[in-house]
Amino acid sequence: MNYSQIVKLLGKENESLFTHTCKTVSKDQLHLPNPAFVDEIFLPSNRNGQTLRSLQQIFNTGRLAGTGYLSVLPVDQGIEHSAGASFAANPEYFDPENIIRLAIEGGCNAVASTFGVLGAVSRKYAHKIPFLVKINHNELLTYPNKFDQVLFGRVEDAWNMGAAAVGATVYFGSEESTRQLTEIARAFDRAHELGMATVLWCYLRNSAFKKEGKDYHVSADLTGQAIHLGVTIQADIVKQKLPENNGGYLALNADGVSYGKFDKRMYSQLASDHPVDLCRYQVINSYMGRAGLINSGGASEGKKDLMEAVRTAVINKRAGGMGMISGRKAFQKSRKEGIALLNAIQDVYLEKKITIA
């Protein structure tokens with residue numbers, strides 16, 4: 001997909017995504033993805049040689065190899081959203097091998113999935129595409145449903161299957177977040193000792209974050225702070241939903257309630273209402289881009305999926321992000337359509353006419 005096709009796909013309602021200039025935090029203050037990102041950013045850090053090699057392996061795989069950008073296929077929905085609901089559209093993905101094949105044929109830098117999925121085919125594929133083992137999950141079978149990320153295995157198990165990285169989720173804002181934070185901080189420390197990269201799903205979860213018909217789980221200010229907590233426990237890469245609004249702290253501090261801390265300059269000088277600026281606020285919270293920001297692709301909604309995935313990629317790239325991690329939009333389609341969608345996302349990062357705002 002070339003530049004003209006990308007612009008045409010997004011339509012006139014998204015024209016400003018290509019022309020917008022960020023006047024909040026300028027791009028020259030950011031650490032931007034580039035072919036030498038590992039040398040420039042991680043070499044001076046406390047990451048050991050094995051971790052540097054794992055990171056470089058991820059950056060040097062797939063269609064985006066050598067660019068500093070990432071395209072990851074995540075398929076942990078068999079646990080997070082139940083297998084039947086996730087794979088009914090394409091029952092072939094009950095078989096772990098087909099998940100790996102989609103990631104390879106789709107030109108991804110890495111495949112992210114569970115201990116079970118990746119362990120089932122590790123000897124056949126761990127040397128062909130970097131494995132990102134998701135070490136905790138929200139299991140969805142307890143009645144009534146509860147929402148808590150719990151460990152499903154040991155970091156050592158991921159290392160033994162040849163994984164290049166481990167990933168985890170913390171539900172920031174939830175009652176369980178303190179336990180999750182300390183568990184994953186320890187796990188990431190061990191992963192770095194063993195030479196694996198670390199990726200944190202910096203998600204929010206609290207019913208109080210929905211207020212007066214607005215969902216602040218996707219606000220730039222709250223998601224940005226979740227990212228800042230994620231890089232504090234030394235996540236090399238952070239995953240976050242694309243911001244859809246802002247002012248979470250303002251809403252939660254209304255009516256005499258005291259929650260967190262905020263400064264009104266967060267909304268005037270550090271961000272605007274433009275989608276690229278909202279995402280830029282996420283990037284600056286990842287140590288000005290020292291930890292790469294990858295935005296999630298979200299749920300599959302049928303015909304709109306290609307447009308929405310490409311739109312997210314354009315916003316992420318222009319904001320200074322590192323890439324996308326898109327699962328359901330790819331594997332809940334035919335193999336051919338799924339590969340085409342992954343390639344379209346990658347084309348955004350390969351397109352030199354799409355520049356940093």
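**Close-up views: pocket, cavities and salt bridges**

**View 1. The largest pocket has a volume of about 1100 Å³.** The model is predicted: local features need pLDDT of at least 70, side-chain atom pairs count only at pLDDT 80 or more, and totals for chains, interfaces and linings use all residues. Residues are numbered from 1 along each chain as its sequence is written, and side-chain values use heavy atoms, with hydrogens and water left out. The pocket is lined by 45 residues, and K241, S296, G298, A299 and R328 are the closest to its centre. A pocket here is an open set of points on a 1 Å grid over the protein atoms alone, with protein on both sides within 12 Å along at least five of seven lines; lining residues have an atom within 4 Å of a point. Grid points are joined across faces, edges and corners, and a volume is the space filled by probe spheres set on the points.

**View 2. Helices and strands around the largest pocket.** At least two lining residues come from each of α5 (77-80), β6 (165-172), β7 (197-204), α15 (275-285), α16 (305-319) and α17 (328-331). Helix α16 gives the largest share, five residues. Helices (H or I, at least four residues) and strands (E, at least two) are DSSP runs, numbered from the N terminus. By class, the pocket lining has 16 nonpolar, 13 polar and 16 charged residues. Ala, Val, Leu, Ile, Met, Phe, Trp, Tyr, Cys and Pro count as nonpolar; Asp, Glu, Lys and Arg as charged; the others, Gly among them, as polar.

**View 3. The largest cavity holds about 60 Å³ of space.** A cavity is a set of grid points where a 1.4 Å probe fits but cannot get out. Three cavities of 30 Å³ or more are counted. I58, L70, V72, A110, L132, A165, V199, I237 and I294 line the largest one. This lining has nine nonpolar, no polar and no charged residues.

**View 4. The second largest cavity holds about 40 Å³.** Its lining includes H31, P33, F37, V283 and S286. G289, A291, G292, L293, G320, G321 and M322 are also among the lining residues. By class, six are nonpolar, six polar and none charged.

**View 5. R63 forms a salt bridge with D347.** The closest N and O atoms are 2.9 Å apart. R63 lies in the loop between α4 (49-59) and β1 (70-75) and D347 in helix α18 (residues 335-350), so the pair ties together parts that are 284 residues apart in sequence. R63 is partly exposed, at 35% relative accessible area, whereas D347 is buried, at 10%. Buried means under 20% relative accessible area, exposed over 50%, partly exposed in between (1.4 Å probe, protein chains only). A salt bridge is a side-chain nitrogen of Lys or Arg within 4 Å of a carboxyl oxygen of Asp or Glu. The structure holds 19 salt bridges.

**View 6. E105 and R335 meet in a salt bridge.** The N to O distance is 3.3 Å. E105 sits in helix α7 (residues 96-105) and R335 in helix α18, 230 residues apart. E105 is partly exposed, at 37%; R335 is buried, at 15%. A network of salt bridges links E92, R101, E105 and R335.

**View 7. R265 pairs with D263 in a salt bridge.** The N to O distance is 2.7 Å. R265 is partly exposed, with a relative accessible area of 47%. D263 is partly exposed too, at 29%.
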